[in-house]
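Trainee: Hi, could you walk me through this one? I'm new to it.
Mentor: Happy to. Let's get it on the screen.

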Amino acid sequence: MPIVSPSVLSCDFANIQRDVEMINQSEADWFHIDVMDGVFVPNISFGFPVLEAIKKHATKPMDVHLMIQNPDQYVSDFKRSGADILTVHYEACTHLHRTVQHIKSEGMKAGVALNPHTSIELLDDIIEDLDLVLVMSVNPGFGGQKFIKNAVYKVEQVKNLIHKRGSKAVVEVDGGVNLSTGKELVMAGADALVAGSFVFNSEDPVRTIAQLKEL
Ligand SMILES: O=C(CO)[C@H](O)[C@H](O)COP(=O)(O)O
Ligand SMILES: [Co+2]
């Protein structure tokens, strides 16, 4: 059964407590929280006050996906705001090894996300230190985009690398996930699925989450 991490980016922000409670009541495993700075990606989402508000009501771990340049300077702030898993982008970190150690030293799980054009091979020297690899199946910045099929191949590649190096990293995929793309990803070895618009635009989000869990 895959881990399912609904993306709060697609929730109704005027009713955020209601949507957080919906995820609490559902079979979802984590809350996926997308933080965008308008520099690393061409969009701005939300910051610490929103994370703290979610944390107040969430009964499941907060899976925080940072789409920000130089995340190192905010690692402690994200810990304080409630992050349990903190994922940074490979493309946004000059000293990735240092950033990963910093995240772990704060008591969080450390993840690294790869843009669609970034090769899995670049994780060769860091994979043993990672708790999570996030394969982006859209270009980061927006919910509701079309799935990039090459992500399925990347999941297979990263699973091979994880086995080869004896890493314990979980493989998560983010962007354009629905029942059909989700099925392909799980068959390729994905451990965790992020889903935003597919969950929140559905008539019955709790049922949609249950269907993703069944993949
Ligand atoms: O990181 C993200 C965007 O950069 C989101 O997590 C992702 O896009 C989820 O939305 P959807 O499931 O609608 O594609
Ligand atoms: Co995300």
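Trainee: Is H65 buried or exposed?
Mentor: H65 counts as buried, with 28 C-beta neighbours inside 10 Å. A residue is called buried if 20 or more other C-beta atoms lie within 10 Å of its own, exposed if 12 or fewer, and partly exposed in between, with C-beta atoms placed from the backbone.

Trainee: Before we go on, what are we looking at?
Mentor: This is a predicted model, where local features need pLDDT of at least 70, side-chain atom pairs count only at pLDDT 80 or more, and totals for chains, interfaces and linings use all residues. Residues are numbered from 1 along each chain as its sequence is written, while chains are lettered from A and ligands numbered from 1 in the order in which they are written.

Trainee: And what pLDDT does the protein chain average?
Mentor: The average is 98, and 100% of the residues score at least 70; pLDDT is the predictor's confidence in each residue, from 0 to 100. Both ipTM and pTM are 0.98.

Trainee: Back to H65. Where is it found, and which residues is it in contact with?
Mentor: H65 sits in strand 3. Strands (E, at least two residues) and helices (H or I, at least four) are DSSP runs, numbered from the N terminus. Leaving aside neighbours within four places in sequence, the contacts of H65 include H32, D34 and D174. Contact means that the two C-beta atoms, placed from the backbone, lie within 7 Å.

Trainee: Which residues does the UniProt "binding site" annotation cover?
Mentor: In the unreviewed UniProt entry, that annotation covers H32, D34, H65 and D174. They span 143 residues in sequence, yet no two of their C-alpha atoms are more than 10.5 Å apart, so they gather at one spot. UniProt positions are given in the numbering used here, feature names are shortened, and annotations may be inferred rather than shown by experiment.

Trainee: What about H32, buried or exposed?
Mentor: H32 is buried, with 28 other C-beta atoms within 10 Å. H32 lies in strand 2, and its contacts beyond four places in sequence include S7, D63 and V194.

Trainee: New topic: how many residues surround ligand 1?
Mentor: There are 23, and the closest are S7, P140, G143, G196 and S197. Near here means a C-beta atom, placed from the backbone, within 6 Å of the molecule. Strand 2 (31–36), strand 3 (62–67), strand 8 (192–195) and helix 7 (197–200) each supply at least two residues of that shell.
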